[in-house]
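Open the model in your viewer and keep the selection panel at hand. We will go from stop to stop, picking residues as we go.

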Amino acid sequence: GEVPDRLILQRADMIHNAQQWIEFAAMQEDVKCQLRHGPADGGPSCRIEARDVLTAGVLDGLPLEPLDANTNSAWLFHGTSAQGAKGIAQDDFRLSLAGSNAGTLYGRGIYLAESCTKSDEYSESDKDDVRYMLLCRANLGNVYYCDERRPNANTLIHQCTQGEYHCVLGDRAKTSGTFREFIFYNEDLIYPEFILCYKRHYAQ
């Protein structure tokens, strides 16, 4: 379909969910302890750091809790629907629903992107043509780099759930000329902070 030339923000609603934050903060401490032992060895770590993510520094001027550099934290986007945004804000991401609105090239996980253009592909519009996207804090931790066109999803999941990695960076920018995606297999590595309500704008 036609690609919008820009996205126009209508409003940003901050999410306040104490239970999600407690679980996120506890996981953040776990990641911090794991990273003290040094970077992952023997695997395809691309040594990506949060400062290399496209969103690095964009919210620095806002009065928000700063990202934790000790857990390699970054701001990432997640496209969804109005109902999906409300559900995640109230009840967190649910891996049981992962892939219900998109493919699962990298296995059943939570797919986030550094580009809002990529996340917009997963969004759904309401009756007023408003679309929904979440802006999330994400603990990248040790990143498992994947530039395979047809990756073995079970291997990726195993590396992050049984190995020493915390998320997968699927480099579709390299393999397909599109966008990089970050895939998480543990909900507690992510905290949805804002619901972004926006509209697509198309060039005349």
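Select Trp21, Phe24 and Tyr191: together they make one aromatic cluster. This is a predicted model. Phe24 belongs to helix 1 and Tyr191 to strand 8, so the pair ties together parts 167 residues apart in sequence. Phe24 and Tyr191 are each buried.

Next, pick Tyr144 and Tyr165. How are these two rings arranged, and how many Å lie between their centres? The pair is edge-to-face, 5.0 Å centre to centre, with the planes at 90°. Tyr144 sits in strand 5, while Tyr165 is in the loop between helix 4 and strand 6, 21 residues apart. Both Tyr144 and Tyr165 are buried. The count of aromatic pairs comes to five.

Stay with strand 5, residues 143-146. Show strand 6 beside strand 5: the two pair in the parallel sense, over four bridges. Val143 stands opposite Cys167 of strand 6. Trace the chain from strand 5 through helix 4 (residues 153-161) to strand 6; this β-α-β crossover is right-handed.

Now turn to the largest nonpolar core, which has 32 residues. Which members touch the most others? They are Leu112, Leu140, Phe182 and Phe184. Colour the elements that give two or more residues to this core; among them are helix 1 (18-35), helix 2 (82-91), strand 4 (131-139) and strand 7 (180-184).

Centre on Leu140. Leaving aside residues up to four places away in sequence, Leu140 touches several residues, including Ala50, Val53, Leu76, Cys167, Phe182 and Phe184. A second, separate core holds ten residues, including Tyr144, Tyr165, Val168 and Tyr185. Tyr144 and Tyr165 thus return from the edge-to-face pair.

Last stop: the cysteines. How many disulfides does a search of the whole structure find? The search finds zero. For Cys167, the nearest cysteine sulfur is that of Cys160, at 6.5 Å, and Cys167 is in no disulfide. A disulfide needs the two sulfur atoms within 2.5 Å. Cys136 is buried, at 0% relative accessible area. Cys167 is buried too, with a relative accessibility of 0%.

Technical notes. Residues numbered from 1 in each chain as written. Predicted model: local features only at pLDDT ≥ 70, side-chain atom pairs only at ≥ 80, totals over all residues. Heavy atoms only, no water. Buried < 20%, exposed > 50% of the residue type's maximum accessible area, 1.4 Å probe, protein only. Core = buried A, V, L, I, M, F, W, Y, C linked by side-chain atoms within 4.5 Å. Contact = heavy atoms within 4.5 Å. Pairing = 2+ DSSP bridges. Right-handed = clockwise from strand over helix to strand, strands pointing away. Phe/Tyr/Trp six-rings, centres within 6.5 Å; stacked < 30°, edge-to-face > 60°.
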